Amino acid sequence: MTQQTETLAHPSHSSNKIGILLALAGCVLFSVKPVLIKIAYQYGGDATSIMTLRAFSSLPLYFLVFVYLCRSVENREKVRSHGLKAAAIGVLGYYWASFLDIASLEFISAQLERLLIFLFPTFVVFISWFFYGQKPNRSVIASTLLGYLGISFIVFHDVSTLGSAVITGSGLAIASALIFAFYLVWSKPLIGHLGSSLFTSIGMGSAGIAILIHLSLSNSNPASWGSELVMIGVLLGIFCTVLPSYLIAAAMARLTPTSLSLTSNIGPAVTAIFAVVVLEEVFTIWHALGLSLVVMSVWAINQKRESR
């Protein structure tokens, strides 16, 4: 290798290292979210108040990005052409999926919620099959079933120790993961037209309006929200929503999809560690086995999708 080649290779290697650090940081912040939501419930929060505080502590930042991007005539034209569809899909992903996810944590552990949401790639596989005729091969189906087997170990354990409320919470988390999978499938062509930053800003804005309507129709009274609950909501909005979204976006610019998916696989383990240390949740052999199978399942599905 010549000196010139070494000089050219070094920036790429450095960029890759920075990308991995950014992706890991984003993954850790995303993974702390269910733990903070569980703490918010302890301070008297409900799904409506937690979702509202999280959304409106992050919404101003996304709005500023939207205004900045719309300085461009080209972007304003894109918004006119595709903004309505982006808004509808934003409500689906940032309102419905978010509300069901937060509601599930009233009934199940942070560890189980994280693993159920983590399984959304398996739903993408079935959506692509049933709606778009992209039939998965046997190895992808086997990987999907492996993930469901892992989840079943934890669900059966938690039901035996925590009761039937686990079924309710699991159903809410699965519904959230399914809606999020539809959101990912339907948002892909729009992101191609609008760009990720503009699409996200429109989606968050439309979801914010939906959340305002939800709040006005609910029995939740913002005047009764304690300072601790408000502080946790702000932390969720800034450190578990806005900051990791930009960290992951920056990592995507520096890493291959394979490297990015590998870093995301630490998410359930990070949640488990924080849940055990902060919330004092139990971590049994069944949790370890279930976590391992789910991570293996999602890793295998991502590998097979990227190799096509």
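Contact here means heavy atoms within 4.5 Å. The structure is a predicted model, in which local features need pLDDT of at least 70 and side-chain atom pairs count only at pLDDT 80 or more, whereas totals for chains, interfaces and linings use all residues. Residues are numbered from 1 along each chain as its sequence is written, and side-chain values use heavy atoms, with hydrogens and water left out.

Confidence is expressed as pLDDT, the predictor's confidence in each residue on a scale from 0 to 100. The protein chain has a mean pLDDT of 87, with 92% of its residues reaching 70 or more. Among the helices (DSSP runs of H or I with at least four residues, numbered from the N terminus), confidence in the protein chain is highest in H3, at 94, and lowest in helix H10 (residues 257–264), at a mean of 68. Over residues 1–11 the pLDDT is below 50, and this stretch has 1 contact in the model beyond near neighbours in sequence.

Ser-187 lies in helix H7 (residues 165–194) and, not counting residues up to four places away in sequence, touches Ile-89 and Phe-199. Ser-187 counts as buried because its relative accessibility is 2%, where buried means under 20% relative accessible area, calculated with a 1.4 Å probe on protein chains only. The side chain of Ser-187 reaches the backbone oxygen of Leu-184 at 3.2 Å. Such a polar contact is a pair of N or O atoms within 3.5 Å; within protein, one must be able to donate a hydrogen and the other to accept it, and residues adjacent in sequence count only if both atoms are side-chain atoms.

Ser-104 lies in helix H3 (residues 73–104) and counts as buried, because its relative accessibility is 0%. The side chain of Ser-104 reaches the backbone oxygen of Asp-101 at 2.6 Å. With residues up to four places away in sequence not counted, Ser-104 touches Glu-113, Gly-169, Leu-172 and Ala-173. Glu-113 is one of the buried residues of H4, which also include Arg-114 and Phe-118. Because 9 of the 9 residues of H4 are buried, this helix is largely enclosed by the rest of the structure.

The largest cavity is lined by Gln-111, Leu-115, Ile-154, Pro-268, Ala-272, Phe-283, His-287 and Leu-291. At least two lining residues are supplied by each of helix H4 (110–118), helix H11 (267–278) and helix H12 (285–306). By class, the lining has 6 nonpolar, 2 polar and no charged residues, with Ala, Val, Leu, Ile, Met, Phe, Trp, Tyr, Cys and Pro counted as nonpolar, Asp, Glu, Lys and Arg as charged, and the others, Gly among them, as polar.

The lining residue His-287 is also touched by His-157, as are Val-282, Thr-284 and Trp-286, not counting residues up to four places away in sequence. His-157 is found in helix H6 (residues 138–162) and counts as buried because its relative accessibility is 14%. A polar contact of 3.0 Å joins the side chains of His-157 and Asp-158.

Definitions and conventions:
On a 1 Å grid over the protein atoms alone, a cavity is a set of points where a 1.4 Å probe fits but cannot get out, and a pocket is an open set with protein on both sides within 12 Å along at least five of seven lines; lining residues have an atom within 4 Å of a point. Buried means under 20% relative accessible area, exposed over 50%, partly exposed in between (1.4 Å probe, protein chains only).
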